[in-house]
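Trainee: I'd like to learn how to read a model like this one. Could you take me through it?

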Amino acid sequence: MQLEVIGVGGAGCRIADAILAAEPADHRFVGDAFAFDTDTDGLAALEAIPESNRHRYGETIRNGLNGNLQRGFEVGDASVDELSRHLDDGRPSIADAFLVVLGLGGATGGGTAPELVATLRAVYDKPVYVLATVPAERELEPPEDPLVEGVVPESEAGTEDADEPEDTDDHTRPLAEENAARTLERLDGLASAVLCFDNEAWLRTGERLAEGRDRLNRDLATRVAAFFSAGAASESDGEVAETVIDASDVARVLDGGEDTLVATLGYGEQEVESDDGGSRFGLGLFSTESNVDTASAVSAVETTISKALNGKLTLECDRENADATMVIVGGPPAWLNRTAISDGRRTVQSRTGSRELLGGDAPRPNGDRVFATILFAGVEPVERLEAIRETAR
Ligand SMILES: Nc1nc2c(ncn2[C@@H]2O[C@H](COP(=O)(O)OP(=O)(O)OP(=O)(O)O)[C@@H](O)[C@H]2O)c(=O)[nH]1
């Protein structure tokens, strides 16, 4: 499948950039990637998204909105046509779906995403998935620099004359949580699904977001790429997945229609020897048969599925709540043991009791690992999101 990936705001643009960087060269699933921000510096620091697809908007704002969500909604409403015109430089009409990426808690991403999502759905009539970070609890810590405050008075916000606070990713927590709750509320009924990533759960003890964010973005991008690239057409010869996933399968699990689904991803991987006689880089001339032993293949599949099912999810939830689930197992073909994959799917089904369980495989002839990724969709109620909504009440 082909996704138009659109990052909005600081977190959204960095994560979109990381997704593009994580895209497997032989399984491209990103049609185009765009970065939209009110902050010039944030856009300049991106690496993978081509400069022509980076766009600064909100003329009167110097460097971000610094958490002023009301202003963010105004800027978002005023800018959506301008952003849509930039998307026309890509190939939105041939995309299977859109992925709008943002950090909940901020004002730029949180203010623009709802209007952008509504516009995309209306214009293209395709699923619009949102990928959103959930603000970390530790954002409560007071910023070291007294100038770094979450709220800029409305009268000052977004004007050239405003005292410019230092750029920071850490919005103060009550504000970030309140913003997160308000943005989630607006997205409800607009987005096909909101795939969440809980920053707090992924940061290390004592680590600040600014220190850990690149690692977090890579971890998230790995999961997103593993999931969406399974449905991408292969650019290498002779590689046919036994269970092929396409955009409509993804939509069956992840598109809630008028009901926005909350979703989360699990992931597990294990490094393995290549299956061409040990030489991943050779031509395999002397090795026509796979030398992967069945017990090792079974064990690799079991282990990775178990990690994806029981390990840390992008957003922790009760797996039994999942309405629909998709299990993807990938890696060098000789390692994708059919029986182990079916058994693994059965285990996932019995654990979640999902109304719908889809499975697919992602053969990677040149890969050096077996991986499993599980998408759990329709997982509400989720404790973390309920707590955020409660704070905002
Ligand atoms: N995982 C991750 N989270 C981030 C990153 N940067 C910021 N965040 C989180 O995202 C929230 C929003 O931050 P930004 O994306 O910088 O905010 P924005 O949308 O640009 O809005 P303003 O800065 O208010 O203009 C923060 O409160 C953090 O919780 C990042 O690179 N990775």
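Predicted model: local features only at pLDDT ≥ 70, side-chain atom pairs only at ≥ 80, totals over all residues.

Trainee: How many residues of H1 are buried?

Mentor: Helices (H or I, at least four residues) and strands (E, at least two) are DSSP runs, numbered from the N terminus. Buried means under 20% relative accessible area, exposed over 50%, and partly exposed in between, using a 1.4 Å probe and protein chains only. For H1, 10 of the 14 residues are buried, so the helix is largely enclosed by the rest of the structure. Among them are Gly-9, Arg-14 and Asp-17.

Trainee: Which element gives the most to the shell around the ligand?

Mentor: A residue is near a molecule if one of its heavy atoms lies within 4 Å of it. H1 gives the most to that shell, with four residues. Of the 23 residues around the ligand, Ala-11, Leu-65, Gly-67, Thr-108 and Glu-139 come nearest.

Trainee: Which backbone atoms lie by the oxygen atoms of the ligand?

Mentor: Look for polar contacts, which here are pairs of N or O atoms within 3.5 Å. A backbone N or O atom of Gly-67 is 2.6 Å from a ligand oxygen, and a polar backbone atom of Gly-109 is 2.7 Å from an oxygen atom of the ligand. The protein buries 97% of the 640 Å² that the ligand exposes when taken alone; such areas come from the Shrake-Rupley method with a 1.4 Å probe.

Trainee: What is the phi of Asn-66?

Mentor: Most residues other than glycine have a negative phi, and most peptide bonds are trans. Asn-66 has a positive phi of about 50°. It sits in the loop between strand S3 (54-56) and helix H3 (69-87), and a polar backbone atom of Asn-66 is 3.1 Å from an oxygen atom of the ligand.

Trainee: And is Asp-125 buried or exposed?

Mentor: Asp-125 is exposed, at 71% relative accessible area, whereas Asn-66 counts as buried at 11%. Phi of Asp-125 is positive too, near 55°.

Trainee: Where is there a cis peptide bond?

Mentor: Between Glu-380 and Pro-381, with omega about 5°. Pro-381 is in the loop between strand S10 (369-377) and helix H11 (383-392).

How values were computed. Residues numbered from 1 in each chain as written. Heavy atoms only, no water. Polar contact = N/O pair within 3.5 Å; in protein donor to acceptor, adjacent residues only side chain to side chain.
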